[in-house]
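Here are my notes on the model, as numbered points. Please read them beside the coordinates.

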Amino acid sequence: MTLNNLKKGDSAVITEINASRELKNRFNSFGLVKGAKVLSKERSLAKKTIEVKVNKTSISMRASEAELVEIVQ
């Protein structure tokens, strides 16, 4: 399952990030790392962006980027 499939209000743990080195580094700077707990907060009307919370940080990302983050609930 990927982060993009998480429904609003659900939480999960990141198991793998299948992204380029540059995108992984950007995710790391926000706290999106393997083993981190994430909470799905919002989705845009067109479902092209999502907002997740990691620790005390809220992050908005493209749905295409969220598809690269594997999770387990």
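1. Among contacts in the protein chain between residues at least 6 apart in sequence, 60% join residues at least 24 apart; contact means heavy atoms within 4.5 Å.

2. This is a predicted model, in which local features need pLDDT of at least 70 and side-chain atom pairs count only at pLDDT 80 or more, while totals for chains, interfaces and linings use all residues. Residues are numbered from 1 along each chain as its sequence is written, and side-chain values use heavy atoms, with hydrogens and water left out.

3. The protein chain has 2 helices and 5 strands, arranged along the sequence as β-α-β-β-β-α-β. Helices (H or I, at least four residues) and strands (E, at least two) are DSSP runs, numbered from the N terminus. The radius of gyration, taken over C-alpha atoms, is 11 Å, close to the 11 Å from the globule rule (2.2 Å times the number of residues to the power 0.38) for 73 residues, so the chain is as compact as a globular protein of that length.

4. The 5 strands make an open, antiparallel sheet ordered β4-β3-β2-β1-β5; two strands pair if DSSP finds at least two bridges between them. β4 (57-62) and β5 (69-72) are at the edges with a single partner strand each, so one side of each has no neighbour in the sheet. On average, neighbouring strands are turned by 45 degrees against each other, direction ignored. Axes here are lines fitted to C-alpha atoms, for helices over the stretch in contact, and angles run from 0 to 180 degrees between N-to-C directions.

5. Strand β1 (residues 11-17) is joined to β5 by 4 bridges, and the two run antiparallel. Ile 14 stands opposite Ile 71 in β5. Helix α1 (residues 21-30) packs on the sheet and touches β1, β3 (49-54), β4 and β5; its direction makes about 155 degrees with that of β4.

6. Is Glu 65 buried or exposed? Glu 65, in helix α2 (residues 63-66), is buried at a relative accessible area of 9%. The cut-offs are under 20% for buried and over 50% for exposed, with partly exposed in between (1.4 Å probe, protein chains only). Its side chain makes a polar contact of 2.6 Å with that of Arg 26; such a contact is a pair of N or O atoms within 3.5 Å, where within protein one must be able to donate a hydrogen and the other to accept it, and residues adjacent in sequence count only if both atoms are side-chain atoms. Not counting residues up to four places away in sequence, Glu 65 touches Leu 23, Arg 26 and Phe 27.

7. Asn 55 lies in the loop between β3 and β4. Asn 55 has a positive phi of about 55 degrees although it is not a glycine, and is exposed, with a relative accessible area of 67%.
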